[in-house]
Structures are given as structure tokens and as C-alpha cells.
Amino acid sequence: MFRHALVVLVVTTLACAAAGAEKAPQSIRDFGALGDGKADDTAAIQKAVNAGLGDLHFPRGVYRLTKTVEIDLAKVGPTSLVGNGTARIEMHGPGAAFRFSGSHLKGSAAPQTFEQSTWDHERMPVVRGLEIIGHHAESIGIEAIGTMQLTISETNIRRCLHGVRLYERNRNVIVSHCHFYENAGIGLFLDDLSLHQINVVGSHISYNRQGGIVVKAGDVRNLHISGCDIEANMGKETESTANVLIDSTDGSIGEVAITGCTIQHTYDAPDSANIRIFGPSVGRTFTDERRDGNITIAANVLSDSQINIDLRSTRPIAISGNTIWKGFQHNLKAIDCQSITITGNAMDRNPRYGYGKGSEFSNAVLLKDCSDGVFSGNILTSILSDTASLTLEDCARMIVANCVITDSEIAGILAKNLTDSRIHGCIIRNRDPEQEFIPIKVEGGEGNRFE
């Protein structure tokens with residue numbers, strides 16, 4: 001009986017040893033990476049990736065890279081790069097520290113459009129718990145092309161050109177609980193990209209000098225930005241960028257939700273905006289088949305920029321339940337927008353923030369060349385515009401209802417060349433009872449009713 005037990009034990013031990021031999025070590029240290037911040041660990045990390053183990057662990061250390069670690073998912077299979085917040089990657093060369101490449105460059109996000117090999121070898125590449133720091137003017141944290149279900153979480157990217165750059169085509173991306181901070185370019189860059197389904201959740205995206213989250217051109221659908229802190233992503237020398245910039249003038253971008261975020265700063269950057277959305281390019285009309293718009297901006301805290309919300313040529317759009325203040329030019333500016341609903345927002349010039357008393361600190365609301373819209377249930381307090389707290393210029397078929405507009409200076413509402421519209425049920429009071437004040441100032445227009 002003892003001899004039988006000994007045989008079983010020996011067989012079991014040999015089987016376990018064989019299984020262990022079949023599975024190579026997963027730590028990048030086992031492939032020669034030193035992590036001492038001095039040696040070039042590029043080749044060792046690339047060797048670990050090419051081994052096709054999939055689950056690669058970065059122990060505590062400083063790993064120096066001099067060129068991009070290429071992760072060709074079709075060749076190496078499902079891959080995750082995981083640390084515990086203690087591993088630092090220093091990128092000393094141009095390009096991305098890590099580039100994920102997949103083969104899903106056709107089809108959609110629907111399951112039937114995927115090759116089986118995509119599911120077998122390429123699904124859900126993961127980066128988690130790493131810090132990436134740029135030491136080159138053209139270094140980028142992470143790039144991805146042709147991927148499915150890319151997931152980046154608990155990752156800190158600093159001092160690169162861009163934090164994360166997605167380009168050409170990707171599907172079903174999740175970015176969560178990350179820090180993209182102090183990059184010279186953009187925190188999260190969707191660069192002329194075809195992408196359907198991306199969630200950006202619970203992340204801190206701040207002090208990136210050319211924009212926090214930027215979408216330019218391409219074909220982007222189902223962009224959800226939720227529960228993030230997005231601040232000061234505009235250098236003083238940078239023009240026409242924003243904390244969140246969605247620019248489809250050379251593409252088609254739509255189905256966007258920006259909810260539950262704090263989006264603030266920097267007012268002294270020229271033409272800065274917290275949320276800037278540009279729709280179709282000049283010359284295109286709303287009858288074009290290219291789909292843009294379907295935007296929701298809800299329950300955010302927005303402050304301290306030249307324009308808090310800047311919209312152009314967008315339809316439809318819903319803006320509700322936000323607290324908005326310290327828009328040095330405009331709290332809200334909408335040009336050439338259709339089917340716009342603005343409800344239940346508080347635009348209160350909180351005196352404790354102390355940001356000037358002149359018209360250059362206006363906080364005004366401007367709707368120009370807009371149509372088929374509703375502006376209701378909003379509070380506008382201490383708007384110091386030299387025209388009016390709310391201006392509707394060259395607009396048509398608009399309803400302004402049940403708003404409270406107090407402490408205005410010149411006029412509460414300016415209706416300039418407004419047509420076929422209704423203004424009713426509002427409380428409008430001036431800032432100084434002894435100052436000349438017009439609750440509703442009308443210049444031109446026809447077919448309107450004011451009550």
C-alpha cells in the first residue's frame with residue numbers, strides 16, 4: 001500500500017512538473033527585463049510579448065524603452081500588460097510605448113461581422129496598473145489600430161505627446177479609472193478614427209495642453225464620457241481646443257453622452273471651451289445623409305473657460321441638469337443648431353468665486369441661427385452682458401418658457417430677427433432697479449408671441 005502511494009505521488013509530481021514546463025514564466029523579468037531605469041528593456045519586453053504567453057506581469061521597477069513594443073494580436077494571441085501600480089514605463093524614443101494591432105479593419109461591432117480568429121486571438125487586449133512617462137517630444141503612451149474590446153484601466157500616462165491615441169479603426173473600447181496628466185498634446189485622442197462603442201469612465205484627464213478628450217474627423221458613434229474629472233486641458237498658447245472637443249467638420253460623429261463629469265479651466269487660454277462640438281463642415285446641410293449629432297450633455301459641473309458649452313451645426317442636442325458658471329464669454333453658445341433642448345440648468349454667478357464685474361466676464365447665453373428648439377426651466381443669475389442675458393438672433397420656431405433671469409444689466413432677453421417663436425412664463429428682473437432695463441428687447445422679426 002505504501003509502495004502504491006509512493007508511485008502515485010511520483011506520477012503526480014512528474015505530471016505537475018511537465019505542466020509547469022509547458023507554461024513559460026509570465027514575468028517580464030524572466031525574459032531579461034531589469035527594471036532598473038538604466039538598461040534598455042525594449043528587447044526583453046518585446047521578447048516576452050512575442051512568446052505569446054498572453055498574461056504578462058510587470059513587477060515593481062522602472063522599465064526603459066527606446067522604441068515601440070509592438071503587440072500584433074493576430075500573431076501573439078490575447079495579451080494583457082498588467083502591473084499593480086508600482087511599475088513605471090519610461091519611453092525614451094518617438095512613437096508609442098505600446099502599440100496594439102489587430103486585424104478587425106472591416107465590418108462593424110456586430111458579432112456576425114467578426115472572423116472567428118478575432119475572437120480566438122485578438123479579443124480584449126488589456127493594459128492595467130501601469131505608469132507610462134514620456135521622455136521624448138514625440139512619445140505616446142498607448143496606440144491601437146484594428147482592435148476589438150481594448151480595455152485600459154488604472155493606468156497613469158504623463159509627459160507624453162498624447163496619452164492614448166486610437167486611429168484608423170477600433171471597436172468596443174473601454175477606458176476606466178485612468179490618469180492622463182500633463183501631456184504636451186491630447187489626453188485621449190480619437191484621431192480620424194472609425195470607432196463604434198467607447199466608454200470613458202471614472203478617469204482624471206487634466207493638464208494636457210492640446211485637449212483632454214479630442215475626437216477629430218472619422219466615423220465615431222456611441223461615445224460615452226461619464227463620471228470623469230476633466231480639467232485645464234488647454235495651454236495658454238493653444239487656440240480652439242477644449243477639455244472635450246468633438247469635431248466632425250471632416251467626418252461624421254454622433255450618439256454622444258457626456259454625463260456626471262466635472263469639466264473646468266482654463267479661462268485664460270484664447271477661445272477655450274469646456275465642451276466644444278462642431279457638426280457638419282461649411283456647405284453641408286441638415287438634409288445630407290451623413291449622420292452627425294444626437295448629443296446629450298447632462299448633470300455636469302462646468303466652469304472657468306471662455307465658453308462653457310460651444311456648439312456649431314449640431315442636431316439634435318439635449319442639455320439638461322448642469323451647473324454652469326464662469327463662462328467668460330458665454331456659458332452657452334450655439335450657432336446653426338437644430339432641434340436643441342436646453343432645460344433645467346443653473347447658470348448662477350456665484351459671488352464667492354469673484355471673477356470680475358465687467359462685461360468681459362459676461363456668462364451670456366447666445367443662440368444664433370438656431371431653429372426648432374426649447375429653452376425652459378433655466379436659471380440665469382447675474383449675467384453681465386452688454387446686450388442681454390439670453391440672446392436669440394436669427395432663430396426660428398423657438399420656445400423660451402418658465403425661466404428665471406435675474407440681476408441682468410441691459411436686458412433680460414434680446415429677440416433679434418426672431419421668427420415664429422414664443423416667450424412666456426419667465427421671471428425677468430434687472431440688477432439695479434434705478435438702471436434703465438428692458439426685460440425683453442425686440443429687434444426685427446415676425447410671427448412671435450411674448451407673454
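Hi everyone, let's start with the rings: a search through the whole structure turns up four aromatic pairs. One of them is F58 with Y63, where the ring centres are 5.8 Å apart and the planes stand at 90 degrees, so this pair is edge-to-face. Before going on, please keep in mind that this is a predicted model.

Are F58 and Y63 buried or exposed? F58 has 0% relative accessibility and counts as buried. Y63 is buried too, with a relative accessible area of 0%.

Another of the pairs is Y181 with Y207, and this one is also edge-to-face. Here the distance is 5.6 Å centre to centre, with 65 degrees between the planes. Which parts of the chain does the pair of Y181 and Y207 tie together? Y181 is in strand β12, residues 179-181, while Y207 is in the loop between β14 (204-206) and β15 (213-226), so the pair links parts that are 26 residues apart in sequence. Y181 is partly exposed, at 32% relative accessible area. Y207 is partly exposed as well, at 44%.

Back to F58 and Y63 for a moment. Ring pairs join these two and F98 into a cluster.

R165 has its charged end over the ring of Y167, 4.3 Å from the ring centre. R312 does this with F278, and there the charged end is 3.9 Å from the centre of the ring.

Now let me step back to the whole protein. It has four helices and 36 strands. Of its 451 residues, 53% are buried. If we take contacts between residues at least 6 apart in sequence, 70% of them join residues at least 24 apart.

Let's look at V200: leaving out neighbours within four places in sequence, V200 is in contact with V175, L188, I205, I213, L223, H224, I225, S226 and C228.

Next, two threonines in loops. T79 is in the loop between α3 (73-76) and β5 (80-91). With 5% relative accessibility, T79 counts as buried. What lies 2.8 Å from a polar atom of the T79 side chain? That is the backbone oxygen of G77. Setting aside residues within four places in sequence, T79 is in contact with G54, I71, L73, F100, M124, P125 and V126.

The other threonine is T147, in the loop between β8 (139-145) and β9 (151-153). T147 counts as buried, at 1% relative accessibility. Its side chain makes a polar contact of 2.5 Å with the side chain of N170. Not counting residues up to four places away in sequence, T147 touches L73, F100, G102, P125, R169, N170 and R171. If you have the structure open, look for L73, F100 and P125, which are among the contacts of T79 and also among those of T147.

Strand β24 (residues 340-343) and strand β27 (residues 371-376) pair in the parallel sense over three bridges. Within that pairing, I342 has F375 in β27 as its bridge partner. β27 also runs parallel to strand β30 (residues 396-401), and five bridges join them. There, V374 has I399 in β30 as its bridge partner.

Further on, strand β31 (residues 404-408) pairs with β34 in the parallel sense, over three bridges. In this pairing S408 stands opposite N430 of β34. Which residues of β34 are on its covered face, and which on the uncovered one? In this strand, residues 427-430, the covered face has I428 and N430, and the uncovered face has I427 and R429. In a regular strand, side chains alternate between the two faces of the sheet.

Technical notes
Residues are numbered from 1 along each chain as its sequence is written. This is a predicted model: local features need pLDDT of at least 70, side-chain atom pairs count only at pLDDT 80 or more; totals for chains, interfaces and linings use all residues. Side-chain values use heavy atoms; hydrogens and water are left out. Rings of Phe, Tyr and Trp (its six-membered ring) pair if their centres lie within 6.5 Å; planes under 30 degrees apart count as stacked, over 60 as edge-to-face and the rest as tilted. Buried means under 20% relative accessible area, exposed over 50%, partly exposed in between (1.4 Å probe, protein chains only). A charge sits over a ring if NZ of Lys or CZ of Arg is within 6 Å of the ring centre and within 35 degrees of the ring normal. A polar contact is a pair of N or O atoms within 3.5 Å; within protein, one must be able to donate a hydrogen and the other to accept it, and residues adjacent in sequence count only if both atoms are side-chain atoms. Contact means heavy atoms within 4.5 Å. Two strands pair if DSSP finds at least two bridges between them.
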